[in-house]
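Please consider the model shown below.

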Amino acid sequence: MIDSASAPVKRFLVFTDLDATLLDHKNYSWQPAAQAINYLEVNGYPLILCSSKTLAEMVELARELNTNSPIISENGALIAIPVDHQLSGQLRGKSTYKNYRLKHDGISRQEILGVTDELRGEFDYQYEGFSDWTVAEISQKTGLNMQAAEHAAKRFATEPIIWDDTFQRWQDFESAIAGRGIRAVRGGRFIHLMGQTDKAKGMLQLTKYYRSGYPETLWTTIGLGDSHNDIGMISEADIGVVIPNPRSVKPLHLEGAHIIQAQYPGPIGWNRVVSDLVLSSSQNVARNSKD
Ligand SMILES: [Mg+2]
């Protein structure tokens, strides 16, 4: 018979994409998910933001959400853990940003720019990227306000560019950078140059930290997202949640016993699924303790 005092505690570890998942695609509000976020907080279930956004952008949101959990930014290329967090010792000796310790995965932005500047110098490729622009120009090209543009410019591991050359020359450029370990991921207007990282790798790395840092806890990971760059995170989580995105030209179709399809887009769908998961798990705990 298992002694209940020494039985492992089961907890959720939640990894979520932001745009069109936790945040409404129009007004960037997370408010419709406030109830579920509160359930996570009162149960001590970490909420880990995992996005292609920069750390500077995400730190602001983490502050707003009142979460002191680690952050995965720039599509998994950067893991950041608050200095005062129990797991920050996992990143001892690494670089810092504000009150976060950082871990870069793979190639840095400086290394990416080293390769692409060399190619542009040699072959005169016509493109421009964030590193070529002032904050005012980034603001004008992205539609972000000046403060948001300043945050978007603080990049560690990815470089967004706008290609302004022929398709043939794009193919030459893309294969040249691929040979140096850099891949190109198409977003809306920008092409993002980055190393061989993705959100799933960041999620698995952090899950490892949680499992070794809290050995008394049985963690169940939940991964939520709406787009193609979320597929790895959703499918490799213990429970994967697809948030429908009616604006997507290629909606996600994932199948599996561990996949939940949210009924509603954005934070409304997020709220419903996460609330149901938390409530049904606490009912199970209550039922088990009565047994
Ligand atoms: Mg998204």
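**Strands, a loop and a metal site**

Strand β9 (residues 183-186) pairs with β10 in the antiparallel sense over four bridges. Strands here are DSSP runs of E with at least two residues, and helices are runs of H or I with at least four residues, both numbered from the N terminus; two strands pair if DSSP finds at least two bridges between them. The model is a predicted one, in which local features need pLDDT of at least 70 and side-chain atom pairs count only at pLDDT 80 or more, while totals for chains, interfaces and linings use all residues. Residues are numbered from 1 along each chain as its sequence is written, and side-chain values use heavy atoms, with hydrogens and water left out.

Within the pairing of β9 and β10, R183 has M194 of β10 as its bridge partner. Strand β10 (residues 191-194) is also joined to strand β8 (residues 158-163), again by four bridges and with the two strands running antiparallel. There, I161 has I191 in β10 as its bridge partner.

An open sheet is formed by nine strands in the order β5-β6-β4-β3-β2-β1-β11-β12-β13, with mixed pairing. Its edges are β5 (96-97) and β13 (259-261); each has a single partner strand, so one side of each is left without a neighbour in the sheet. Inside this order, β3 and strand β4 (residues 78-82) are antiparallel and share three bridges, and I72 stands opposite I79 in β4. Helix α2 packs on the sheet, where it touches β2 (47-50), β3, β4, β5 and β6 (100-104), and its direction makes about 150° with that of β3. Contact means heavy atoms within 4.5 Å; axes are lines fitted to C-alpha atoms, for helices over the stretch in contact, and angles run from 0 to 180 degrees between N-to-C directions.

The loop between α2 (55-65) and β3 (71-73) holds S69. Is S69 buried or exposed? S69 counts as buried, at 10% relative accessibility; buried means under 20% relative accessible area, exposed over 50%, and partly exposed in between, with a 1.4 Å probe and protein chains only. Leaving aside residues up to four places away in sequence, S69 touches P46, L47, I48, P82, H85, Y100 and Y210.

The magnesium ion has as its protein donors D17 (OD), D19 (O) and D226 (OD), at 2.1 to 2.2 Å. Donors are N, O and S atoms within 2.8 Å of the metal (3.2 Å for Na, K and Ca); water is not among the atoms, so sites may look incomplete. Along the chain the donors follow the spacing D-x1-D-x206-D. D17 is buried, with a relative accessible area of 6%, whereas D19 is partly exposed at 33%.
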